[in-house]
Amino acid sequence: MRFHSRYVRDYLNHSGAKKILIWAFQILVAVLLAAVAAIFFFQTVTMQEGSMEPTILAGQKVCINRMAYKLGSPKRGDIIAFQAGSGEHASIHVKRIIGLPGDTVQIRDGEIYINDEKYTEQSELGPVDNPGLAEGGVTLGSDEYFVLGDNRDNSEDSRYADIGNVKKRYIKGKIWFSISPINEFGFISS
């Protein structure tokens, strides 16, 4: 037995075999860490409709950062993925946060008002032709968010009873990266 352990030790020290084992171990650890990060922190979703165009196109595959709101709170302008309802098989939607907890959101004359002040978005998305539930103003609860699709005339969002205000517990995470198609590959700005 003693001969065997000395033989193995000599073999590992001989001709770089030890370096190869260390290199293989490092690769294995890196792959395992990447797999854990992918499983627990990130998720992908494919846009099924054009409600977020021109920011995210129908058929585009994007990544959800599932840890973003475990470490912080959603911000106005963030693009989020959320479940529409509490069921295990509830569909996932992607929309932009407009109203934060405690805000009153109203849409009148094609413009968005938050707490009676006109909301100016970072990018020009055009007027909102259908105010829906926000015509008379919607006041958000302490854990609710008001979301709109960027394609305002073709989006089922918080203006409609089927979606309504989004509770924080249904938010899956923040949309942050596009992986396909290849010409859309890269970070998505909010």
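Ser-51 lies in the loop that connects strand S1 (42–46) with strand S2 (61–65). Before we go on, please keep in mind that this is a predicted model. With a relative accessibility of 1%, Ser-51 counts as buried, because the cut-off for buried is under 20%. Its surroundings can be listed too: leaving aside neighbours within four places in sequence, Ser-51 is in contact with Val-94, Lys-95, Gly-149, Asp-150, Asn-151, Asn-154 and Ser-155.

One of those contacts, Lys-95, comes up again in a database record. In an unreviewed UniProt entry, the annotation "active site" covers Ser-51 and Lys-95. These two positions are spread over 45 residues of sequence, yet they cluster in space, with a largest C-alpha distance of 7.9 Å.

**Strands and hairpins**

Strand S5 (residues 104–108) and strand S6 (residues 111–114) run antiparallel and are joined by four bridges. Within this pairing, Val-105 stands opposite Ile-114 of S6. The two strands make a hairpin with two residues between them, and in its turn Asp-109 has a positive phi of about 55°.

S6 also pairs with strand S7 (residues 117–118), again in the antiparallel sense, over two bridges. Here Tyr-113 is found opposite Lys-118 in S7. S6 and S7 form a hairpin as well, with two residues between the strands, and Asn-115 takes a positive phi near 55°.

Which elements give two or more residues to the largest nonpolar core? That core has twelve residues, including Val-105, Ile-107, Ile-112, Ile-114, Ala-134 and Phe-146. The elements in question are S5, S6 and strand S9 (144–148). Ala-134, once neighbours within four places in sequence are left aside, is in contact with Val-105, Gln-106, Ile-107 and Phe-146. Apart from this core lies another one, of eleven residues, among them Ile-56, Ile-79, Ala-81 and Ile-175.

**Aromatic rings**

A search of the whole structure finds four aromatic pairs. Two of them involve Trp-176, and the table gives their geometry.

| Pair | Centre to centre | Angle between planes | Type |
|---|---|---|---|
| Trp-176 and Phe-177 | 5.3 Å | 45° | tilted |
| Trp-176 and Phe-187 | 5.6 Å | 45° | tilted |

Why do these pairs count as tilted? Planes under 30 degrees apart would be stacked and those over 60 edge-to-face, so an angle of 45° falls into the remaining class.

The pair of Trp-176 and Phe-187 links distant parts of the chain: Trp-176 belongs to strand S11 (residues 171–180) and Phe-187 to strand S12 (residues 186–187), eleven residues apart. Are the residues of these pairs buried or exposed? Phe-177, at 12% relative accessibility, counts as buried. Trp-176, with a relative accessible area of 26%, is partly exposed. Phe-187 counts as exposed, because its 67% relative accessibility is over the 50% cut-off. Together with Phe-185, the residues Trp-176, Phe-177 and Phe-187 form one aromatic cluster.

How values were computed:
Residues are numbered from 1 along each chain as its sequence is written. This is a predicted model: local features need pLDDT of at least 70, side-chain atom pairs count only at pLDDT 80 or more; totals for chains, interfaces and linings use all residues. Side-chain values use heavy atoms; hydrogens and water are left out. Two strands pair if DSSP finds at least two bridges between them. Rings of Phe, Tyr and Trp (its six-membered ring) pair if their centres lie within 6.5 Å; planes under 30 degrees apart count as stacked, over 60 as edge-to-face and the rest as tilted. Buried means under 20% relative accessible area, exposed over 50%, partly exposed in between (1.4 Å probe, protein chains only). A nonpolar core is a set of buried Ala, Val, Leu, Ile, Met, Phe, Trp, Tyr and Cys residues joined through side-chain atoms within 4.5 Å. Contact means heavy atoms within 4.5 Å. UniProt positions are given in the numbering used here, feature names are shortened, and annotations may be inferred rather than shown by experiment.
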